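Please look over the sequence and the model before reading on.

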Amino acid sequence: MSAGYATHFGRQLRAEWTKFRTVRGWVLGLAAAALLTVLVGAFSAQTSRATCPGQSPDRPCTGPSSPGGQAVTDSFFFVHQRIAAHGSLTVRLTSLTGPGLPGWAKAGILVKAGTQQGASYVALMMTPGHGVRMQHDFTHDTAGAGGGVSAAAPRWLRLTRAGATVTGYESVDGTRWSVVGTARLTGLADASAPVPAGLFATSPPTTRASRQRFGGVGVTDRATRVTGTFDHVALQSGAPGGAWRGEQIGGSVAGDAAGPPGVTEGPGGTFTVSGSGDIAPNVGGPATSGGETIERSLVGTFIGLIVVIVLGATFVTAEYRRGLIRTTFMAHPRRGGALAAKAVVLGGVTFAAALPAAAGAVLLGEWLVRPDGFVFPVAGPTQVRVVVGTALLLALSAVLALAVGTLLRRGVAAVTAVFVVTVVPYLLATGSILPDGPSRWLLRLTPAAGFAVQQAVPRYAWVDSAYAPAFGYFPLSPFAGLAVLLAWTASALLLAVRLLQRRDP
């Protein structure tokens, strides 16, 4: 870009900024969009907050979180002793049973930094549907050998500890061992101190999504309980000895219907351990306990979006309606430059207003819910991505409306067109109006995909849940969804520039 063109473009920017700030309706509209984003989000958070099950509604309520700040489910039956800084735990698993077990039911061995929920851990386990797995700190999963387990084909599992480092091994005969993976226990005050280690069992509820009679998605859950049978249990450790202790970590989600969790010690050092629950990220879906994600505080974005669509369209159509567009093009003969200046000013002021509004909505929503409700813990970088992404969502939508307004030259037509491709698909997909399949396609192909940037709780392959748009899960990743909106906006701008050069020479 030449210095002369840069200077001229700078003048265009100043001229468009002057237009925007001197039209009271545009300034008030932008302020209203920001205010509505905060107020509607706060109202939604206040009226839909969920309290912790079994807890007095006037007591503070929080859920367990991982060492990295992720909301987690940490519920299992644990039979444990203490393992020293250098030691190992070896078992043979001969059966994994239970009625209607989900593929991610788990039984195996585990080393944990403490018995409190959310403490760092490393686990080596057998699952009915995914073979041997090594998982640690809730959000990390490593696959071992596939297949099942039985008395005729048992599985040997071993965890060795060297300070904060834990290595997992598997074997089919107890002689030839293969490394599954290595992980670290985080948050240890003293890496040489003994920590709990032992056998565990847990099984999450099965979740089934079904199509409703009049569209949308419904979910049913069924509690499950897994039982693992262990023998050849060998704990080699310099920690003080003692008897094995059975303990329920967290709550048992299965209840009496699936049988109580517990341990039975048989002859020859055989242990039968039963449990229900899960050791995994809490994805916040209908299969998990109550709680609000930070997206609930940003529900006002939808109202703010409607306002900025109107603002973006009228930012250019008002000039066509009043005949001022000729003056603009006389002052700035480069059609592309004039439209780019409008887009930069409109996108910039929208982003500048939406950023504090999104941050304020999240902070106010959390403040309103936390005294007697549960807000899912979300790591700091995720909160930043959600807040900044929301501001980009509104800014890009405003520019998209500007481009469509340039194409159609009529405010009502432009607002209607952007509303149809952005707002309507979002309502149909997330309002449980359409079946899951069409909803996913709408959120892949239309500008409504940009709302994926607000998804704070990701999906995990090892957590069964109803990952449907009706429950806040988008088919695209946050940045991929935002890229779809960006592609729509860029395409509309390029088409508008081309049409300006041909239609308004």
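## Overall architecture

Among contacts in the chain (heavy atoms within 4.5 Å) between residues at least 6 apart in sequence, 77% join residues at least 24 apart. The model is predicted: local features need pLDDT of at least 70, side-chain atom pairs count only at pLDDT 80 or more, and totals for chains, interfaces and linings use all residues. Residues are numbered from 1 along each chain as its sequence is written, and side-chain values use heavy atoms, with hydrogens and water left out.

The chain contains 9 helices and 17 strands; these are DSSP runs numbered from the N terminus, with helices being H or I of at least four residues and strands being E of at least two. Of the 505 residues in the chain, 50% are buried. Here buried means under 20% relative accessible area, exposed means over 50%, and partly exposed lies in between (1.4 Å probe, protein chains only). The accessible surface of the chain is about 21,200 Å², and 60% of this belongs to carbon and sulfur atoms. Such areas come from the Shrake-Rupley method with a 1.4 Å probe, and for residues only the protein chains shown count as cover.

## Salt bridges

A salt bridge is a side-chain nitrogen of Lys or Arg within 4 Å of a carboxyl oxygen of Asp or Glu. By this rule the count is 8. The table lists some of them.

| Pair | Closest N to O distance |
|---|---|
| Asp173 and Arg176 | 2.9 Å |

Lys112 is buried, at 1% relative accessibility, and Asp74 is buried with a relative accessible area of 1%.

Arg155 belongs to strand 7 (residues 155-162) and Glu170 to strand 8 (residues 165-171), 15 residues apart. Arg155 counts as buried at 9% relative accessibility. In the remaining pair of the table, Asp173 is partly exposed at 30%, whereas Arg176 is exposed with a relative accessible area of 61%.

## The surroundings of Glu170

Is Glu170 buried or exposed? Glu170 is buried, at 11% relative accessibility. A polar atom of the Glu170 side chain lies 2.9 Å from the backbone nitrogen of Ala145. Leaving aside neighbours within four places in sequence, the residues in contact with Glu170 include Val132, Gly144, Trp156, Trp177, Ser178 and Val180. Arg155 and Arg176 are also among these contacts.

## Helix 6

Helix 6 has 29 residues and reaches 42 Å from its first C-alpha to its last, close to the 42 Å expected at 1.5 Å a residue. The expected span is 1.5 Å times one less than the number of residues. Because 21 of its 29 residues are buried, helix 6 is largely enclosed by the rest of the structure.

Val384 is located in helix 6 (residues 380-408) and is exposed at 51% relative accessibility. Together with Val388 and Leu392, Val384 makes a nonpolar surface patch of about 210 Å². Patches consist of residues with over 30% relative accessible area and no salt bridge, where like charges are joined within 9 Å and nonpolar side chains (Val, Leu, Ile, Met, Phe, Trp, Tyr) within 5 Å. Just after helix 6, Arg409 takes a positive phi of about 65 degrees.

Note on methods: Polar contact = N/O pair within 3.5 Å; in protein donor to acceptor, adjacent residues only side chain to side chain.
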